[in-house]
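Please read the following report beside the sequence and the model.

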Amino acid sequence: MHRHPLGSPHSISVIGAGTAGTLTCIHLAEVAARLRVALALHVIDPASDEAANTPFATPDSRHLLNVAVDGMSCYPDDPHHFLRWLTRHGMANVSPKDFLPRHHFGTYLSDSLAEAVGRAGGLVTVERVRARAADCLWRDGKVSVRLTNGSTMDTDSAVVAIGPPPPGSAWAPAALRASERFVDQVWAENALAGPLASDEDILVVGTGLTAVDMVVVLDRPGRRIHAVSRHGLLPRAHAVTSLAPAPPPTELVGLPLRTARARILRHVQDTVRRHGDWRPALDGLRPLTAVLWRGLSDDDRRRFLRRDRPVWEAHRHRMASQTAEAMDRLMKSRRFCVHPGEVASVRRHQRDDALTVALTGGKTFHVGWVLNCTGPDWSASGRRIPLIGLFAEGHATPGPLGIGCATTDDGRLVNVDGSAPLSLWTLGALRRGELWESTAVPELRAQAMGIAESLLKSLVPARQAHRRRWPKDQVGHRLSTNAAAAEAYRHGLDALMKVRSGADRAFLRATQIDPGFALGHAALAILGHEGGSDVDAAQAIAQARGAVRLRGNDHERHLIDVISRRIHSPDKAAEAALLSHLRDHPRDVLALSCAVPTIAFSGVTHLRDEAAELVERTTAAHHGHWFHTSLLSFIRQGQNRFDEAGALAERVLDKHPAAGHAVHSMAHLHYECGRHEAGSRWLHDWVLRHGSGAMHQAHFSWHVALHELAMDDTDAVRRRWRKRLSPCRVRGVRALIDSASLVWRARLADCWRGPEPIGDVLEVVDPGLVERPASPFVALHSVVALAAARDLPALRRLRRHAAYHSDPVMRESVPALCDAFTAVVEERWATAVDGLRAALPRLMHFGGSAAQLEVVEETLLFTLVAAGRSAAAAELLQNRLDRRPSPLDSRRLSRVAAGLAAAGV
């Protein structure tokens with residue numbers, strides 16, 4: 001086992017193996033890996049496995065999660081982690097807004113813990129102690145946990161994660177508590193054996209989510225289930241189609257309850273008027289709930305509990321829409337009835353042990369079973385086992401109103417003297433008095449992460465946390481890592497700047513050497529997101545965000561924030577954040593790579609003038625560095641300043657002959673100048689010498705094929721395809737962008753004999769990339785590929801995806817492009833011509849080069865001929881030839897001119 005720098009592994013007792021305890025162990029393992037801290041975790045719980053005897057252990061598929069998939073990730077930094085886990089486990093059709101059977105989440109928790117411990121690489125061990133914690137004591141900085149089996153476990157720290165308290169039964173008459181027909185703990189093992197085996201009517205006391213769970217499984221024809229609570233309120237349903245949270249009213253914090261309540265009610269009413277739904281109003285309040293609760297006086301908190309709590313919880317803690325539909329059917333059929341009131345008396349029948357229950361309102365029911373679903377009894381939650389000893393000795397104190405425990409912001413238990421040792425922690429239910437909302441997964445995972453980071457950072461020696469000399473990258477930015485990881489990172493950055501293969505392997509090596517190296521994870525994330533590397537980008541950027549909180553400077557934090565925005569929400573705000581970062585850090589070559597549209601990245605500066613302005617603005621900061629010079633060369637060729645672009649590229653290639661950006665610039669300027677034979681020969685030779693190490697070698701081969709196509713050399717195009725661009729050579733995004741577009745252009749130019757292998761190309765591209773592309777540039781090539789495959793259903797799915805995308809270019813332009821190409825496939829030529837003409841001016845916002853975007857103009861040219869608009873086709877061809885000589889266009893113009901002459905035009 002790896003040893004802690006200060007001695008043996010730090011031992012931690014985690015009391016409770018449910019959701020809170022498992023999330024705590026997951027985050028402790030993750031943070032231990034980043035900080036290189038050895039841990040011995042002892043998970044104390046009598047259950048046989050994680051989440052046993054909890055709602056997540058139910059095997060019944062009718063018990064659905066009460067939160068959609070996108071709210072159930074273990075990681076605050078990676079909201080779609082659960083969704084990706086489901087996809088890997090055979091549920092590829094699950095959407096983020098689905099409500100799944102609960103047992104999937106229990107399995108997900110267990111798998112996530114095993115994966116987190118595995119990533120720690122031997123630094124973390126986990127021991128399951130199958131016993132109940134009877135008491136917890138603190139002596140001289142050590143924690144002693146006494147177990148019900150008589151043994152004692154001594155550890156350095158403890159995290160009490162015991163979950164919500166059980167429901168109270170003080171409301172139940174003595175005759176009911178004594179009856180075998182009273183089910184007090186409904187989630188206990190075999191608790192429902194009796195009700196499930198009989199057909200008698202049932203009374204459920206309580207009308208919250210637990211009551212709904214019981215009704216779902218106990219319903220059967222001929223049985224009537226009654227539910228009673230003081231207010232008779234069932235949980236409301238989640239919307240079938242959810243809306244984004246509505247921003248809450250300003251200046252709510254610190255207001256007395258009466259004023260805050262009035263403002264919140266107006267906010268709800270305004271939201272209903274605007275959106276037709278109250279849910280966005282409450283969802284928008286969620287981040288403020290703890291702050292609002294803390295701002296109330298104790299008297300106002302009591303008023304809230306007495307008056308507002310039932311209504312709040314009915315609207316805040318909702319059931320899945322499918323469950324709500326099932327409950328509605330049961331109520332309409334009178335098999336389920338809800339009654340306001342309380343249990344007043346119970347009489348047991350000697351003949352059949354059934355119960356007659358009278359409510360305060362006068363109603364009486366003859367039932368076989370009574371189930372206690374009143375919810376957690378928070379009144380006694382602060383002094384529960386295993387906290388008796390801590391309270392007795394003053395190491396724990398009650399929370400507000402006696403609910404739970406008093407804690408610091410990061411979850412440490414507060415002593416009677418107001419101090420908070422670093423060895424006693426809690427989360428979840430025991431923080432209810434401090435935070436109010438503290439038991440749902442989004443709150444639990446954030447608290448677990450906070451405990452892990454605060455606890456383990458305190459173990460890192462000051463000399464390790466604050467190095468005097470940090471290594472730097474190629475341009476002088478500090479790297480918060482060790483020398484070996486920094487060297488691997490610099491190797492990856494050099495490969496990225498030269499567009500050489502191996503950048504992802506080098507960055508991965510850096511993170512393996514130092515799992516806490518934030519920039520290594522961030523570089524991997526951006527390569528996985530749009531560089532074609534086999535990397536889980538969302539997981540990598542989540543690792544980066546977690547690592548930079550523990551160890552990182554302002555430059556690293558800002559860069560990781562903008563990369564995270566680019567991956568999770570690629571909108572105008574994300575673009576602005578990246579450009580702002582470059583104003584502060586103009587020499588940041590990783591950020592500059594992301595921002596400028598090149599062979600490697602789509603960029604954020606879709607307009608050529610914007611890209612040019614960015615590169616020009618950062619010129620002085622780079623002092624003629626070869627990487628920036630190669631970007632400047634590419635910008636110059638896009639401005640048709642070909643001589644200058646060539647001179648800049650040659651300056652770079654003289655010293656770095658494999659520098660991909662300079663080579664890419666040369667490829668474009670040869671093509672745009674019509675030097676097809678020379679360009680083809682030069683680039684072909686470069687591919688032979690350096691192409692095997694190129695990061696995007698398929699794209700360089702595509703450029704050679706483009707020259708060969710322009711020369712009308714069909715045989716050369718086919719050879720190039722077979723050797724460099726066929727599906728056995730190219731996969732993923734490069735196959736979509738390069739291989740598929742070449743096949744389509746060859747078809748349009750009548751340069752492909754026999755069947756076109758577009759189906760083979762699409763087989764090596766992830767369908768999600770094709771039908772749910774993240775950028776307009778990739779979407780354009782998806783449209784081309786699907787049109788080539790004549791896959792109209794997939795084109796319609798792509799259109800729907802684009803129509804609701806957050807990117808305005810995607811939303812406003814791609815659906816029209818789908819319509820235009822659909823018309824091409826369906827041979828509705830006049831419609832296709834109009835659609836393609838309308839699309840051409842918008843392409844400047846898509847990103848990519850003129851040579852790549854030219855595929856739309858090629859399609860328009862073909863469509864004009866097919867529509868019989870030969871004069872317009874001839875005009876377009878002549879304009880192209882005036883811009884750039886091409887044997888292919890000369891042949892096509894001759895053919896169109898011959899047709900016009902024959903028609904007497």
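Are α18 and α20 roughly parallel or roughly perpendicular to each other? Helix α18 (residues 518-530) and helix α20 (residues 554-568) pack at an angle of about 25 degrees, with their axes 10 Å apart, and α18 and α20 are therefore roughly parallel to each other. Angles under 35 degrees count as roughly parallel, over 145 as roughly antiparallel, 65 to 115 as roughly perpendicular and the rest as oblique; the axes are lines fitted to C-alpha atoms, for helices over the stretch in contact, and angles run from 0 to 180 degrees between N-to-C directions.

This is a predicted model, in which local features need pLDDT of at least 70 and side-chain atom pairs count only at pLDDT 80 or more, while totals for chains, interfaces and linings use all residues. Residues are numbered from 1 along each chain as its sequence is written, and side-chain values use heavy atoms, with hydrogens and water left out.

**Overall dimensions**

The protein has 40 helices and 16 strands, where helices (H or I, at least four residues) and strands (E, at least two) are DSSP runs numbered from the N terminus. Its C-alpha atoms fill a box of roughly 105 × 70 × 50 Å along the principal axes. Of the 905 residues, 59% count as buried, a term that means under 20% relative accessible area, with exposed meaning over 50% and partly exposed in between (1.4 Å probe, protein chains only). Among contacts (heavy atoms within 4.5 Å) between residues at least 6 apart in sequence, 65% join residues at least 24 apart.

**Two helix pairs**

The crossing of α18 and α20 is left-handed, meaning that the near helix is turned anticlockwise from the far one by less than a right angle, whereas clockwise would be right-handed. On the α18 side the contact residues include Ala518, Leu519, Ala522 and Ile526, and on the α20 side they include Leu559, Ile560 and Ile563. The contact residues divide into nine nonpolar, one polar and three charged; here Ala, Val, Leu, Ile, Met, Phe, Trp, Tyr, Cys and Pro count as nonpolar, Asp, Glu, Lys and Arg as charged, and the others, Gly among them, as polar.

In a second pair, the axes of helix α31 (residues 732-748) and helix α38 (residues 850-866) come within 10 Å and cross at roughly 30 degrees, which makes α31 roughly parallel to α38. This crossing is left-handed. Residues of α31 including Ile737 and Trp744 meet residues of α38 including Val855 and Phe862, and the contact as a whole divides into six nonpolar, two polar and four charged residues.

Two strands pair if DSSP finds at least two bridges between them. Five strands form an open sheet in the order β3-β2-β1-β7-β16, with parallel pairing; its edge strands are β3 (124-129) and β16 (424-426), each pairing on one side only. Another open sheet of five strands, also with parallel pairing, has the order β8-β15-β9-β10-β11. There β8 (182-183) and β11 (336-340) stand at the edges with a single partner strand each, so one side of each is left without a neighbour in the sheet.

| Strand pair | Bridges | Sense |
|---|---|---|
| β2 (residues 39-44) and β3 | six | parallel |
| β9 (residues 202-205) and β15 (residues 369-372) | four | parallel |
| β9 and β10 (residues 225-229) | four | parallel |

Within these pairs, histidine 42 stands opposite glutamate 127 in β3, isoleucine 202 stands opposite tryptophan 369 in β15, and valine 204 has alanine 227 of β10 as its bridge partner. In a regular strand the side chains alternate between the two faces of the sheet. In β9, Ile202 and Val204 point one way and Leu203 and Val205 the other way, and all are buried.

Helix α2 (residues 81-88) is mostly covered, with six of its eight residues buried, among them Phe82, Arg84 and Trp85. The cover over the buried residues of α2 includes α3 (103-119) and α19 (537-550).

Histidine 623, although not a glycine, has a positive phi of about 55 degrees; histidine 623 is found in the loop between α24 (619-622) and α25 (626-638) and is exposed, with a relative accessible area of 68%. Aspartate 712, likewise not a glycine, has a positive phi of about 65 degrees. Aspartate 712 is found in the loop between α29 (697-710) and α30 (714-725) and counts as partly exposed, at 24% relative accessibility.
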